[in-house]
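Open the structure in your viewer and keep the selection tool at hand. The stops below are meant to be taken in order.

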Amino acid sequence: MVKNKLKEKLNQTAKFVRNNWKGLLALGGLVVVGAILSSKDSGYDDGDDSSIDSNYDNSMKFTKKWFKNATDDELESEREKVRLRYIDGSNIDIDEASRLYDVLHTFDGEMIDRANTKYENEHPDAQPRHREHGWYLPNDD
C-alpha cells in the first residue's frame, strides 16, 4: 500500500518535471543568481563600511567611503604603507599577506578609476588609435 502510493507520487513528480522543465530551469537560474548577489563574499559594496583589512592598521580602516573621500596623495601614501607591509615577508603570515594583496588591488582599482575619469574629462572626444599594422603602432615601419 505505501509502496504503491510512493510509486504513484514518484510518477506524478516525474510527469510534472517533464512538462515544466523550462520553468524549473528558469527558477533554478534565478535562485543561483539571487544567491550570488546576496553573497557577502563578493567584495565590498557601497553600503559596506566595515574594514577591508582590520588587521593591517586599527587606526585606519579602508572602507568604500574612505576610498571615495581620500585625496590622490592620501591614496598613494597609504598604498605605499600597505605595499611595504606586504613585502615584509618575515613578519606576516599567509592570511595577512592575502588580505594585504586584496587591499593593494583595491587601491589600484580606485587609482585607475580616478585616472580614467580624469582622462575622459580632459579628452571628451578621444578615439582609439588604430594603425595599418596594429593598435598604437607608428606608421614609420
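The tour goes from a surface patch to a group of rings and then to one further residue.

This is a predicted model, in which local features need pLDDT of at least 70 and side-chain atom pairs count only at pLDDT 80 or more, while totals for chains, interfaces and linings use all residues. Residues are numbered from 1 along each chain as its sequence is written, and side-chain values use heavy atoms, with hydrogens and water left out.

Select Phe-16, Val-17, Trp-21, Leu-24, Leu-25, Leu-27 and Val-31, which make a nonpolar surface patch of about 700 Å². Helices α1 (2-19) and α2 (21-38) each give two or more residues to the patch, and α2 has the largest share, five residues. Helices here are DSSP runs (H or I, at least four residues), numbered from the N terminus. Trp-21, in helix α2, counts as partly exposed because its relative accessibility is 47% (buried means under 20%, exposed over 50%, partly exposed in between, with a 1.4 Å probe and protein chains only).

Next, select Phe-62 and Phe-107. Their ring centres lie 5.0 Å apart with planes at 75 degrees, so the pair is edge-to-face (rings pair if their centres lie within 6.5 Å; planes over 60 degrees apart count as edge-to-face). Phe-62 sits in the loop between α2 and α3 (64-69), and Phe-107 in helix α5, 45 residues apart.

Finally, select Glu-110 in helix α5 (residues 94-122). Glu-110 is buried, at 14% relative accessibility. Leaving aside neighbours within four places in sequence, Glu-110 is in contact (heavy atoms within 4.5 Å) with Phe-67 and Leu-75.

Key:
Patch = residues over 30% accessible without salt bridge, like charges linked within 9 Å, V, L, I, M, F, W, Y side chains within 5 Å. Areas by Shrake-Rupley, 256 points an atom, 1.4 Å probe, with all protein chains shown as cover. Salt bridge = Lys/Arg side-chain N within 4 Å of Asp/Glu carboxyl O. Phe/Tyr/Trp six-rings, centres within 6.5 Å; stacked < 30°, edge-to-face > 60°.
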